[in-house]
Structures are given as C-alpha cells and as structure tokens.
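Biologist: Show me the structure, please. Then let me ask what stands behind the labels.

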Amino acid sequence: MINLILFGPPGSGKGTQADRLVKKYNLHHISTGDLFRKAIKNKTDLGKEALKYLDKGELVPDSVTVGMLRKEVEANPKAKGFIFDGFPRTYNQAQALDNLLNELDTEITCLIELRVADEELTKRLLERGKTSGRSDDQDTSIIANRIEVYKSETIPVALYYATSRKAYIVDGVGSIDEITERLIDRIDIQSNSK
Ligand code: ADP
C-alpha cells in the first residue's frame, strides 16, 4: 500500500498534482478542502459548521475534520492506498491519521512538501480566484491568513514526519509536468525501499 501525504501551503499545487498521481499509482484521493466544499454546497450540517471557518481562512476544528477523514477512509476499504491532500494540517491530525492507519495495519509511506515562496503563492491564489469561484481565493487578507495558519499550525506536521525520516521536499516551481516527474521520482524511491 502507498499512503502519501501531499503537503504544502495553499496554492502550492497539491490538488493539481494529486489528480495526476492518483492515475499513475491507482490510489484514492482524499482532499479535505474538496470534502468541505461539497458539504457546503449540499448545505449539510457539516457544511454549515465548516463554512464558518473556510470563509475566514481558519482551520476547521480537528474533531470535525478527523471524523470526516475517518469516514472517508473507512468508506474505501478496497483502496490500494491513499493520497491525503490538505490533511493532516495540525499535529493532532497527524497523530489521529497515524492511529487510524495503524488500526488498518498500514502506515504513511512518506510526506512530500511542495515548496513555493509566499509571493508566488499569493499570485497563484489570486489568479485561481478569478475562475474558481472560491471566495477564500479572492481576498488578500484571507490568503495572508491561510499562509500564516500554514506556518504556525501546519509546518509542525512536516517536522513530526521528519522525526521518522518520512518527510521530503520537492521544488514546487516549474511546469506542471516537471513537478509531477519530481514527485514520481521521490515516490518510486520511497516505495521501492520498502
Ligand atoms: P488550500 O490548500 O488552497 O488552502 P484546501 O482546499 O485544502 O485549500 O482547504 C480550504 C479550506 O478548508 C482551508 O482553508 C480550511 O478552512 C479547510 N480545511 C481543509 N483541510 C483542512 C484540515 N485538514 N483541517 C482543518 N481545516 C481544513
């Protein structure tokens, strides 16, 4: 089983690259951001709760997010592995994910961070905001808040996996194809060393 965490700040290209990697490795893609946006669109209770946070660029509380993630993993017992995109975003979420995978007799293969400078992120997000319809991509102060939250809450997740030598960095600047190649090179090294 390959269980990959695609990591990186908002706008680093996780979703774009995840779409390519799921095809190549036949994995199940879980994007917590997409799951929240779907719940918001369907006006479910989860969606109503999540909206309060997404609108401000804050994190949805761990209890809500972990519950949703667990349900999604358990709904796919036949998956050959998972790509986690946008999860874990806090130290607590990382521990919860490790516990869940442990229950399923598996583990995280590696975390790969797409590294992109802040100015480039803001530029990309504002550009995406013109067509995505995402209000959190259209306001510079919400974007700045998301980048700040990434630094304070989410970077510790990479440090957590670095202690078990599972964290890697890939340059997230270049053409989409080039970045996919960099990710594939890294994943192949990791999965062949198992
Ligand atoms: P981006 O990576 O561009 O910020 P996402 O689609 O991954 O976009 O996430 C959008 C929003 O959804 C986040 O700003 C946050 O409010 C919420 N969210 C997504 N994943 C998580 C998570 N793991 N924990 C808490 N909140 C989350």
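The talk below takes up the cores, the charges and the rings in turn.

Modeller: Ground rules come before the labels. This is a predicted model, in which local features need pLDDT of at least 70, side-chain atom pairs count only at pLDDT 80 or more, and totals for chains, interfaces and linings use all residues. Residues are numbered from 1 along each chain as its sequence is written, and side-chain values use heavy atoms, with hydrogens and water left out.

Biologist: Why is L4 called buried?

Modeller: Buried means under 20% relative accessible area, exposed means over 50%, and partly exposed lies in between (1.4 Å probe, protein chains only). L4 has 1% relative accessibility, so it counts as buried.

Biologist: Where does L4 lie, and what does L4 touch?

Modeller: L4 lies in strand β1. Strands here are DSSP runs of E with at least two residues, helices are runs of H or I with at least four, and both are numbered from the N terminus. Contact means heavy atoms within 4.5 Å. Leaving aside neighbours within four places in sequence, L4 is in contact with L21, F82, I83, F84, C110, I112 and I187.

Biologist: What makes a set of residues a nonpolar core?

Modeller: The members are buried Ala, Val, Leu, Ile, Met, Phe, Trp, Tyr and Cys residues, joined through side-chain atoms within 4.5 Å. The largest such core has 26 residues, and I5, L69, F84, L97 and Y161 have the most contacts inside it. Two or more residues come from each of β1 (2–7), α2 (32–41), α3 (45–54), α4 (62–74), β3 (81–85), α5 (91–103) and α7 (140–163). α7 gives the most, with five residues. Apart from this core lies another, of 17 residues, among them L6, V22, L114 and L183. In soluble globular proteins, nonpolar side chains tend to be buried together.

Biologist: Which residues does I5 touch?

Modeller: Not counting residues up to four places away in sequence, I5 touches F84, F87, P88, L97, I108, C110, L111, I112 and Y161.

Biologist: Now the charges. Why is the pair R20 and D177 called a salt bridge?

Modeller: The rule asks for a side-chain nitrogen of Lys or Arg within 4 Å of a carboxyl oxygen of Asp or Glu. R20 and D177 meet at 2.7 Å, N to O, so the pair qualifies. The pair links distant parts of the chain: R20 is in helix α1 (residues 14–25), D177 is in helix α8 (residues 176–192), and they are 157 residues apart.

Biologist: Which residues are linked in a network of salt bridges?

Modeller: R128, R134, D136, D137 and R146.

Biologist: On to the rings. What makes F82 and F84 a stacked pair?

Modeller: Rings of Phe, Tyr and Trp (its six-membered ring) pair if their centres lie within 6.5 Å; planes under 30 degrees apart count as stacked, over 60 as edge-to-face and the rest as tilted. By this rule there are four aromatic pairs. The centres of F82 and F84 are 5.7 Å apart and their planes are at 25°, so the pair is stacked. Both F82 and F84 are buried.

Biologist: Why is the pair Y160 and Y161 called edge-to-face?

Modeller: The ring centres of Y160 and Y161 are 4.9 Å apart and their planes are at 85°, so the pair is edge-to-face. Both are buried. Y91, Y160 and Y161 form one aromatic cluster.

Biologist: What makes R186 a charge over the ring of Y168?

Modeller: The rule wants NZ of Lys or CZ of Arg within 6 Å of the ring centre and within 35 degrees of the ring normal. The charged end of R186 sits over the ring of Y168, 3.9 Å from its centre. The charged end of K24 sits over the ring of Y25, 5.6 Å from its centre.
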